[in-house]
Amino acid sequence: MASTPKFAEKYKTFKVTVSPDGVCVGTLCSKDEAGLNLLTGRLFREFADCVEKVAKDEAIRVFVVRSADEDFWLAHFDINAILKLPVPGQFDQETVPNAWHTVSEQLRSMPKATIAEVTGRAGGGGNEFCMNFDMRFGVRGRTKFCQMEVPLGISPGGTGCINLPRLIGTGRAMEMILSGSEIDAETAESWGLLNRSFQDIASCRAYVDALAARIASFPPEAVRVAKASVLAAERMPRREACLENLSLFNQTLGLPEAKRRMKAFLENNFQTREAEMDLQGTISKLSKL
């Protein structure tokens, strides 16, 4: 049975549970006065603390975030808080990442899988927050994404201008950011902002739960190395990324669990035509050995 980890017991806006198989589920529940599930200062601080703890906890293998509000995953950053931000000099240039960018990078690069289950609206900072997860899943007729900053007279400052072109391409990112227009789940899926969209919330939840459990059943070191290899392609030229990929692959060859699984694959006659015609069933059997 899933339980609340000690580090999350005092959280008020982010409910966290961890199941015995290592799946950590965080539920956003801002409780803001507007009832919009706003990204408030308190929610951000609690989420940031959770990301740091999850990244370091070897018992946690997958991190899933969903919302207690079916209509709003995260509406956007609280405008009241934005108005209170200090105004720098006109030509001041930032030299170090702020807390938001630091947490975004910790989330994006943590050595385990991260999944956003977005069954409602994600706007502004909520969408920027969402884009730092490894995978995103939504619901047709309910999930909507929007970068609403330009209509307010500001620019997305929480990694949206960096992550959105990476995920959907420059032209589409320009369309979303400069117009402030929202896109629905079908469009988000076809553009690459969502991995998949589902007919209803129950179907989305079932898929996310099954996916998280599946990934959690695999060797965590293999998940860590595979994720690092994928991210290397973003930050390195092709030749260097290929070399990094090879180096990371070589690291897994000597792992005891890797050797045990590969030997079991052969000993149980899984490398046969019959077994590999049902490869997914065979993989499930392997994880139970």
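Predicted model: local features only at pLDDT ≥ 70, side-chain atom pairs only at ≥ 80, totals over all residues.
Figure 1. The crossing in which α1 passes α3 is left-handed. On the α1 side, the contact is made by F44, F47, A48 and V51; on the α3 side, A99, W100, V103, Q106 and L107 take part. By residue class, this contact of α1 with α3 comprises 8 nonpolar residues, 1 polar residue and no charged residue.

**Figure 2. The largest cavity, with a volume of about 70 Å³.** The structure holds 1 cavity of 30 Å³ or more. Its lining is made up of L39, F44, F47, W100, V103, S104, L107, F129 and N132. The elements that give two or more residues to this lining are α1 and α3, and α3 gives the most, with 4 residues. The lining of the largest cavity divides into 7 nonpolar and 2 polar residues, with no charged residue.

Figure 3. Two or more lining residues come from each of α1 (41-56), α2 (79-83), α3 (99-109) and α4 (125-130). The lining of the largest pocket contains 16 nonpolar, 12 polar and 4 charged residues.

**Figure 4. The second largest pocket, with a volume of about 920 Å³.** Among the 39 residues that line this pocket, those closest to its centre are A222, V223, V225, A226 and K227. The elements that give two or more residues to the lining are β7 (135-139), α5 (160-168), α9 (220-235), α10 (238-253), α11 (256-267) and α13 (279-288). The largest share, 11 residues, is supplied by α9. In the lining of the second largest pocket, 24 residues are nonpolar, 5 are polar and 10 are charged.

**Figure 5. Position of the second largest pocket relative to the two domains.**

Definitions and conventions
Residues numbered from 1 in each chain as written. Heavy atoms only, no water. Nonpolar A, V, L, I, M, F, W, Y, C, P; charged D, E, K, R; others polar. 1 Å grid on protein atoms, 1.4 Å probe; cavity = no way out; pocket = protein on both sides within 12 Å on 5 of 7 lines; lining within 4 Å. Points joined across faces, edges and corners; volume = space filled by probe spheres on them. Domains from an automatic or database assignment. Left-handed = near helix turned anticlockwise from the far one by under 90°. Contact = heavy atoms within 4.5 Å.
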